[in-house]
Amino acid sequence: MQQLLHRGAAMMQHREEALDASWDDLKLFLACAKYKSFRNAAEELGLTSTTLMRRIDRLEESIGCKLFLRDQSGLTLSDEGTAMIADVAHMERHAFNVFRRASRSSNDTSGTVRVAVTEGPGNFWILPRLIDFQKTYRKITVDLRCAMEQADVARLESDIAIQLEPPTNPDLIVAKLGRLHIYPFVSKEYESLYGLPTTLAELNNHRIIKQSAPQVDDGAYARVLGLKSLEGIVGIKTNSSVGALYAVERGAGIGFLPTVSIALGVPLIAVDLGVSHHADLWLTYHKEFRTSERHKIVIDWLKKIFDPKTYPCFRDEFIHPNALVPMMTAAREGFGLTGYVAATPT
C-alpha cells in the first residue's frame with residue numbers, strides 16, 4: 001500500500017511539473033510526429049534542426065519521458081509519445097477553434113477568406129473569375145493560394161481548400177465540386193513535326209510531358225498506358241501544372257492535361273489513344289465557418305463556378321475535348337473570358 005501511495009504521489013508531482021511544458025514545444029512535438037524527421041519538420045517550421053532537437057529534448061525533460069525513438073530512418077513515436085499525441089492534438093484543435101471563432105465574428109461580411117487550391121484550377125479557372133467576384137464583393141479579400149501541396153484546413157493553413165483527395169477529419173465539411181478528366185494533348189506545331197500516335201505502342205516514338213507533384217497519382221501514367229515503365233518516353237518532368245501546360249503548348253511533347261484546358265480555348269489537339277484518366281475535386285472547410293457570412297459567400301461562389309450543369313467539363317461522365325469546345329463557348333463568354341492567352345517566352 002505504501003508503494004502505491006508513493007507511486008500516486010510521484011504521479012501527481014509529475015503532472016504538476018508537466019504543466020510547465022511550453023505549448024509552443026507541444027506544437028513542435030506534433031510537427032515532428034507528422035513529418036517523422038527533425039530535418040523535414042524543421043524545414044516546414046522555419047527552424048534549424050539543432051534548434052528543433054534542443055526544444056524536443058527540453059519538452060521530454062519537462063514531462064519526464066522520451067517521446068520519440070530516434071534512429072537513422074527517422075523518428076518513431078515511443079509508447080509515451082503515442083499515448084500523449086491524441087491529447088495534444090485535441091488541445092491544438094481547441095486552440096484553432098478559438099482563432100476561427102474570432103475570425104468569423106469580426107466584421108463578418110467583410111475581411112479575408114483564404115482559399116487553397118491545386119495549381120491548374122486555381123490559376124486558369126478560379127483566378128479569371130475572381131476578378132468579377134471582386135466587382136460584386138469589394139469588402140471581401142480572397143487570399144488565393146495555388147499550390148500542389150495540400151493545405152490542412154483543420155490546422156488553419158487555409159479557410160477553404162479545393163483538393164484532389166477528400167479529407168477524413170470529422171470536423172471538416174466536404175463537398176464534391178466536380179471531376180477533372182485527364183486526356184492526352186499536343187500542340188499543332190508538334191503534330192506538324194512528328195505526327196500523332198494512333199496506338200499506345202507508337203508512344204515509344206514520342207515524348208511525354210509528365211507532372212510529378214503532391215496530390216498527383218505518380219503511377220497513373222504507366223498504369224493508364226498499360227506500360228511497366230515510362231523510361232525513355234518522358235521528355236520533361238515537372239512539378240508544375242502550369243509548366244506542363246506551357247511545355248505541351250510549346251511543342252515539347254504529349255501532355256496528359258485536364259480537358260478543361262481546351263475548353264478554355266488553349267490551342268491544343270486531342271490525341272485519341274483510347275485512354276483517359278480522371279481526378280475528383282473536393283471542396284472542404286471547417287464546420288465553424290458554416291455561420292460566417294463572408295465564408296458562405298465564397299463557398300457558394302466556388303460551387304457555382306464549378307457547377308457541372310453549367311460547365312460540362314466538370315461532369316462525372318467523360319466528354320471528348322472536341323465536343324467540349326462548342327459546349328463551353330457560351331459559358332466562357334458569359335464571364336467575359338473571350339479566349340486563352342497563349343504562353344510566350346519572355
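Arg114 is found in strand E3. Helices (H or I, at least four residues) and strands (E, at least two) are DSSP runs, numbered from the N terminus. The model is predicted: local features need pLDDT of at least 70, side-chain atom pairs count only at pLDDT 80 or more, and totals for chains, interfaces and linings use all residues. Residues are numbered from 1 along each chain as its sequence is written, and side-chain values use heavy atoms, with hydrogens and water left out.

Arg114 has a relative accessible area of 25% and is partly exposed. Buried means under 20% relative accessible area, exposed over 50%, and partly exposed in between (1.4 Å probe, protein chains only). Leaving aside residues up to four places away in sequence, Arg114 touches Asp143, Leu156, Glu157, Ser158, Asp159 and Ile160. Contact means heavy atoms within 4.5 Å.

Leu156 is one of those partners. It lies in the loop between strand E4 (140-146) and E5. Leu156 counts as partly exposed, at 21% relative accessibility. Its phi is positive, about 65°, although it is not a glycine. Most residues other than glycine have a negative phi. Lys36 is another residue other than glycine with a positive phi, near 55°. Lys36 is found in the loop between helix H2 (23-35) and H3.

## Overall make-up

The protein has 12 helices and 11 strands. Of its 346 residues, 42% are buried. Take the contacts between residues at least 6 apart in sequence: 75% of them join residues at least 24 apart.

| Pair | Separation in sequence | C-alpha to C-alpha distance |
|---|---|---|
| Arg114 and Leu156 | 42 residues | 9.5 Å |
| His181 and Asp280 | 99 residues | 8.6 Å |
| Leu245 and Ser261 | 16 residues | 8.5 Å |

His181 is placed in strand E6. At 5% relative accessibility, His181 counts as buried. Not counting residues up to four places away in sequence, its contacts are Leu257, Pro258, Thr259, His277, His278, Cys313, Arg315, Asp316, Glu317 and Phe318. Leu245 sits in helix H9. Leu245 also counts as buried, at 4% relative accessibility.

## A helix crossing

At what angle do the axes of H3 and H4 cross? The axes of helix H3 (residues 38-45) and helix H4 (residues 49-63) cross at roughly 105° and come within 9 Å. That makes H3 roughly perpendicular to H4. Axes are lines fitted to C-alpha atoms, for helices over the stretch in contact, and angles run from 0 to 180 degrees between N-to-C directions. Angles under 35 degrees count as roughly parallel, over 145 as roughly antiparallel, 65 to 115 as roughly perpendicular and the rest as oblique.

From H3, the contact uses Phe38, Arg39, Ala41, Ala42 and Leu45. From H4, it uses Ser49, Leu52, Met53 and Ile56. These residues divide into seven nonpolar, one polar and one charged. Ala, Val, Leu, Ile, Met, Phe, Trp, Tyr, Cys and Pro count as nonpolar, Asp, Glu, Lys and Arg as charged, and the others, Gly among them, as polar.

## Pocket and cavity

Rolling a probe the size of a water molecule over the atoms shows where empty space is left. On a 1 Å grid over the protein atoms alone, a cavity is a set of points where a 1.4 Å probe fits but cannot get out, and a pocket is an open set with protein on both sides within 12 Å along at least five of seven lines; lining residues have an atom within 4 Å of a point. Grid points are joined across faces, edges and corners, and a volume is the space filled by probe spheres set on the points.

The largest pocket holds about 670 Å³ of space. Its lining has 36 residues, and Ile182, Gln211, Val216, Phe256 and Pro258 lie nearest its centre. H6 gives the largest share of this lining, five residues. The lining divides into 23 nonpolar, nine polar and four charged residues.

There is one cavity of 30 Å³ or more. The largest cavity holds about 60 Å³ of space. Its lining includes Ala116, Val117, Arg145, Glu149 and Gln215. Strand E3 (111-117) and strand E5 (160-163) are the elements that give two or more residues to this lining. E5 supplies the largest share, three residues. By type, the cavity lining has six nonpolar, four polar and two charged residues.
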